[in-house]
Amino acid sequence: MVTHRIALIPGDGIGQEVTPAARHVLDTVGARHGVHFTYDEFDWSCARYHETGAMMPADGLEQIRQHDAIFLGAVGDPSVPDHVSLWGLLIPIRRGFRQYVNLRPVKVFEGLPSPVRTALPGQVDLVVVRENVEGEYGEVGGRLHRGFPEEMAVQEAVFTRAGVTRIAEYAFTLADNRRGVLTSATKSNGIVHTMPFWDEIVAEVATSHPDVTWRAEHIDALAAKLVLDPTRFDVIVGSNLFGDILSDLTAAVAGGIGIAPAANLNPEREFPSMFEPVHGSAPDIAGRGIANPLGAIWTAALLLDHLGHAEAAAEVEHAIAACLAKSPVRTPDLGGTANTVEFTKAVLEFA
Ligand code: NAI
Ligand code: MG
């Protein structure tokens, strides 16, 4: 029996409702594979911000540094500006723990029709690899002449050789272990300094992965192709901004944000990695117990995989696919009437 210590941050809104579903799946499937989880729960959230003035304590990172992984539900509340909640909790963890890979797998499942006609079940199976700690989401910049007619804002994108090399290396290695096809999102025709730099480094990294077929595609054309022919993609690597947008686009192509999983990885394992569904706190449905738990459950599979339990992870993914294909049970976002607990139970029947 192995034991893993998980730092659990349910967060806000439906984060509170989908986190128990993930935990239930980890415990049930883990037990069958000799894996035991212990959880330390943290109340870091917008509610905490209102009480104490901070999303998390000043020594927050220290409190979770020794855990094997972090599971986060979602953060955000209409009463707190999004940049405050994001930069007060999520971003410090991603950056402080050098979680430079944001991994977002996308599949079209049988029983969950895509809004896109070309996205047939079983034929769309791709992963967006997003650079997660630099690029366009830099802290360099500022505002000047506030309140005057010449008011201005400057935001610098920051690309480092080390940062681009390691994300490209991760993506090519992943492609090597999948179908061997990689697409690099670029915009070197418009963004004339950082994007040619990105392209050059991706091409350099490609030389040590001769079995991967790859090409660079401009982000605008790539977005169109993802809608017109999503089946031809395997691994897509992009900068922080491009990867962010592409992963929501691909999640929508797959039939909804409610099922999309994500992992923030520190591949070197110097720090714990963080697992979180792609969706946010969904204030419009929070508190009603009807949130779709599939995003959180699939995210739990990514956590299992990262901790070395590939078989258990595959079992969870298989349960999701089988449940969608064979069971009519669904939450309202997928056209059903089940609640979060009922849908979770239905998935576990196929595990
Ligand atoms: P959202 O993902 O929370 O919701 C978008 C829409 O999708 C809503 O209509 C919602 O009801 C629906 N939805 C999302 N997840 C669902 C699920 N599991 N089951 C059923 N329906 C689901 O995005 P939105 O509205 O842009 O953001 C709400 C808050 O969440 C904001 O404060 C935002 O900053 C935050 N947010 C946090 C993220 C995170 O914690 N990683 C990611 C995205 C947004
Ligand atoms: Mg996003």
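Biologist: Is alanine 282 buried or exposed?
Modeller: This is a predicted model: local features need pLDDT of at least 70, side-chain atom pairs count only at pLDDT 80 or more, and totals for chains, interfaces and linings use all residues. Residues are numbered from 1 along each chain as its sequence is written; chains are lettered from A and ligands numbered from 1 in the order written. Buried takes 20 or more other C-beta atoms (placed from the backbone) within 10 Å of a residue's own, exposed 12 or fewer, and partly exposed lies in between. Alanine 282 has 22 C-beta neighbours inside 10 Å, so alanine 282 counts as buried.

Biologist: What is the phi of alanine 282?
Modeller: Alanine 282 lies in the loop between S12 and H9. Helices (H or I, at least four residues) and strands (E, at least two) are DSSP runs numbered from the N terminus. Alanine 282 is not a glycine, yet its phi is positive, about 45°.

Biologist: Is arginine 269 buried or exposed?
Modeller: Arginine 269 sits in the loop between strand S11 (263-265) and strand S12 (273-275). Its phi is positive too, near 60°. Arginine 269 has 10 C-beta neighbours inside 10 Å, so arginine 269 counts as exposed.

Biologist: How far does helix H1 reach from its first C-alpha to its last?
Modeller: Helix H1 covers residues 15-32, which is 18 residues. Expected span is 1.5 Å times one less than the number of residues. That expectation is 26 Å, and the reach of H1 is close to it, at 26 Å.

Biologist: Which residue with positive phi follows H1?
Modeller: Buried residues of H1 include Val18, Leu26 and Gly30. After H1 comes a residue with phi near 70°: glycine 34.
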